[in-house]
Amino acid sequence: IYAAQASDGDNWADDSPQCSQLLTSRLLPFTRYFAYIEITERQHQSLWREYQKVADANDNFVCIHIQSFNGI
């Protein structure tokens with residue numbers, strides 16, 4: 001399974017740790033590769049920071065930043 005999540009990065013700060021935990025425990029064990037793609041011109045928010053921790057600890061997960069729709 002290959003999966004991707006695309007987002008503008010807007011997320012409630014309180015939800016980000018839970019998203020990270022669900023990703024780590026329920027999705028990554030069953031995927032060969034998972035990409036989180038954030039499309040935004042502004043600074044990263046809590047979801048990106050949580051997912052960066054996951055990327056640092058898992059070879060099958062990557063975070064990608066695209067600053068505009070033209071980058072897609």
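This is a predicted model: local features need pLDDT of at least 70, side-chain atom pairs count only at pLDDT 80 or more; totals for chains, interfaces and linings use all residues.
Strand β1, which covers residues 2–7, runs parallel to strand β2 and is joined to β2 by six bridges. Within this pairing, Y2 has Y33 of β2 as its bridge partner.

Two of the facing positions may be named here: F34 stands opposite F61 of β3, and I37 stands opposite I64 of β3.

The length of helix α2 can be checked against its residue count: at 1.5 Å a residue, its 12 residues should span 16 Å, and the end C-alpha atoms are 17 Å apart, which agrees.

The buried residues of α2 are S46, L47, W48, E50, Y51, V54 and A55, a list that includes the polar residues S46 and E50. These buried residues of the helix pack against β1, α1, β2 and β3. For Y51 the relative accessibility is 4%, and Y51 therefore counts as buried under the 20% limit.

N60 is located in the loop between α2 and β3. Although this residue belongs to a loop, its relative accessibility is 16%, so that N60 counts as buried.

The side chain of N60 has polar partners in the backbone. One of its polar atoms lies 3.1 Å from the backbone oxygen of L28, and the side chain also reaches the backbone oxygen of T31 at 3.0 Å. When residues up to four places away in sequence are left aside, N60 touches L28, T31, R32, Y33 and F34. Of these contacted residues, Y33 is the bridge partner of Y2, whereas F34 is the residue that stands opposite F61.

## The aromatic cluster

The count of aromatic pairs comes to four. One of them is formed by F34 and F61, whose rings are tilted, with 5.7 Å from centre to centre and 35 degrees between the planes. Because F34 lies in strand β2 and F61 in strand β3, this pair ties together parts that are 27 residues apart in sequence. Both F34 and F61 are buried.

A further pair is formed by Y51 and F61, where the ring centres are 5.5 Å apart and the planes stand at 85 degrees, so this pair is edge-to-face. With Y51 in helix α2 and F61 in strand β3, the pair links distant parts of the chain that are 10 residues apart. F61, which takes part in the tilted pair and in the edge-to-face pair, is buried with a relative accessible area of 4%.

These residues belong to one aromatic cluster, made up of F34, Y36, W48, Y51 and F61. Two of its members, W48 and Y51, are among the buried residues of α2, while F34 comes from β2 and F61 from β3.

Definitions and conventions. Residues are numbered from 1 along each chain as its sequence is written. Side-chain values use heavy atoms; hydrogens and water are left out. Two strands pair if DSSP finds at least two bridges between them. Helices (H or I, at least four residues) and strands (E, at least two) are DSSP runs, numbered from the N terminus. Buried means under 20% relative accessible area, exposed over 50%, partly exposed in between (1.4 Å probe, protein chains only). A polar contact is a pair of N or O atoms within 3.5 Å; within protein, one must be able to donate a hydrogen and the other to accept it, and residues adjacent in sequence count only if both atoms are side-chain atoms. Contact means heavy atoms within 4.5 Å. The expected span of a helix is 1.5 Å times one less than its number of residues. Rings of Phe, Tyr and Trp (its six-membered ring) pair if their centres lie within 6.5 Å; planes under 30 degrees apart count as stacked, over 60 as edge-to-face and the rest as tilted.
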